[in-house]
Amino acid sequence: MASAHGTAKKRHTIMKFGNVGLIMAIAIGLAGAFGTNGFAQTESLTVGAPPSLRAVFTEILPMFEREYGASVNVVYAPSKTLSHQIEQGAPIDVFLAAGTDEVAQLYKKGLTLNGRPRTYAQTSLVLVMSTETLATLVSFHDALPNRTTRIALGDPRTSALGDVTARVLARVNPNYMDKSRSNIIYASHSEDIINLIHAGKADVGLVYRVDAINGGQVRISDETPAESYVPVQFGQAVVSTCQEGARGIAKDFSDFLMTPRVQKLLIKYGFDSLPTVG
């Protein structure tokens with residue numbers, strides 16, 4: 001049995017969940033950070049993050065844990081789901097969104113602890129298709145008007161990706177998001193869209209560029225047209241549901257993401273460089 005002064009084994013909790021299951025899943029993860037004597041073995045941090053961070057976190061989290069002596073538990077989910085659960089009191093310490101709107105809304109409601117949202121990463125929207133198809137690369141302007149092309153899109157009702165997709169498509173074709181189009185398949189986030197394409201259930205899809213690069217199952221077919229380009233900035237904050245005893249380490253983690261070496265890692269894993277960091 002580890003003592004209160006022993007070194008905790010590192011662990012990363014990666015969970016998918018529904019609305020009801022999230023709070024239970026996080027509670028179980030937090031309970032695992034404590035020994036049977038009731039004392040925390042090491043500082044523990046729960047981070048709510050988008051699936052887009054899975055790849056880069058394989059390098060970032062071990063660095064942080066090693067240098068700060070903290071155990072980081074990650075709950076991966078669409079940003080809208082995470083923000084709703086934070087409002088309901090889910091014990092998340094740091095919220096990393098795949099956009100800025102969700103964090104900004106929490107800030108306006110007084111649910112962030114370190115001020116305004118901080119932009120920690122940037123990407124863009126791209127059109128992708130399967131790496132296994134022999135078909136010629138499809139362009140935005142060819143794919144969108146074609147009602148026989150099955151296209152997978154982020155759902156604006158459930159994801160930040162969906163919101164960005166709706167804004168981009170409104171610039172390309174204001175009527176494109178018409179619900180009567182039977183060739184549109186909606187999904188929660190880039191991972192789901194990539195899986196639909198890989199399974200042959202969609203021909204093309206619109207995803208974050210970083211997810212296309214790290215997905216391995218799709219290739220970029222076309223970049224967002226210049227006249228429709230929307231930079232996608234990811235925002236973060238220490239949120240009001242942060243445990244009292246974790247607020248110091250939560251601030252450290254928030255600051256750590258903004259350091260030049262972590263920003264270089266984000267670029268290494270496919271994110272764009274930020275115009276400014278702060």
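Reader: In which sense do β4 and strand β10 pair, and over how many bridges?

Author: Happy to start there. Strands of a sheet pair through backbone hydrogen bonds, either parallel or antiparallel. Here β4 and β10 (residues 232–238) pair in the antiparallel sense over five bridges. Two strands count as paired if DSSP finds at least two bridges between them, and strands (E, at least two residues) and helices (H or I, at least four) are DSSP runs, numbered from the N terminus. As one example, Gln-122 has Gln-233 in β10 as its bridge partner. A word on the source: this is a predicted model, in which local features need pLDDT of at least 70 and side-chain atom pairs count only at pLDDT 80 or more, while totals for chains, interfaces and linings use all residues. Residues are numbered from 1 along each chain as its sequence is written, and side-chain values use heavy atoms, with hydrogens and water left out.

Reader: What is the strand order of the open sheet, and which strands are at its edges?

Author: The order is β2-β1-β3-β10-β4, five strands with mixed pairing. β2 (70–76) and β4 (118–123) are the edge strands, each pairing on one side only. On average, neighbouring strands of this sheet are turned by 20 degrees against each other, direction ignored; the axes are lines fitted to C-alpha atoms, for helices over the stretch in contact, and angles run from 0 to 180 degrees between N-to-C directions.

Reader: Now the charged pairs. How many salt bridges does a search of the whole structure find?

Author: Twelve. A salt bridge here is a side-chain nitrogen of Lys or Arg within 4 Å of a carboxyl oxygen of Asp or Glu. One of them joins Lys-268 and Glu-59 at 2.5 Å, N to O. Lys-268 lies in helix α10 (residues 260–268) and Glu-59 in helix α2 (residues 54–68), so this pair ties together parts that are 209 residues apart in sequence. Arg-261 and Glu-67 also meet in a salt bridge, at 2.5 Å, N to O. Arg-261 is in α10 and Glu-67 in α2, so the pair links parts 194 residues apart in sequence.

Reader: Are Asp-155 and Arg-157 buried or exposed?

Author: Buried means under 20% relative accessible area, exposed over 50%, and partly exposed in between (1.4 Å probe, protein chains only). Asp-155 is buried at 6%, whereas Arg-157 is exposed at 63%. The two form a salt bridge, with their closest N and O atoms 2.8 Å apart. Elsewhere, salt bridges that share partners join Arg-118, Lys-251 and Asp-255 into one network.

Reader: Which helices each supply at least two residues of the lining of the largest pocket?

Author: On a 1 Å grid over the protein atoms alone, a pocket is an open set of points with protein on both sides within 12 Å along at least five of seven lines, a cavity is a set where a 1.4 Å probe fits but cannot get out, and lining residues have an atom within 4 Å of a point. The helices are α2, α7 (190–198) and α8 (209–215), and α7 gives the largest share, four residues. Among the lining residues are Pro-51, Arg-54, Glu-191 and Asp-211. The pocket holds about 180 Å³ of space, where grid points are joined across faces, edges and corners and a volume is the space filled by probe spheres set on the points.
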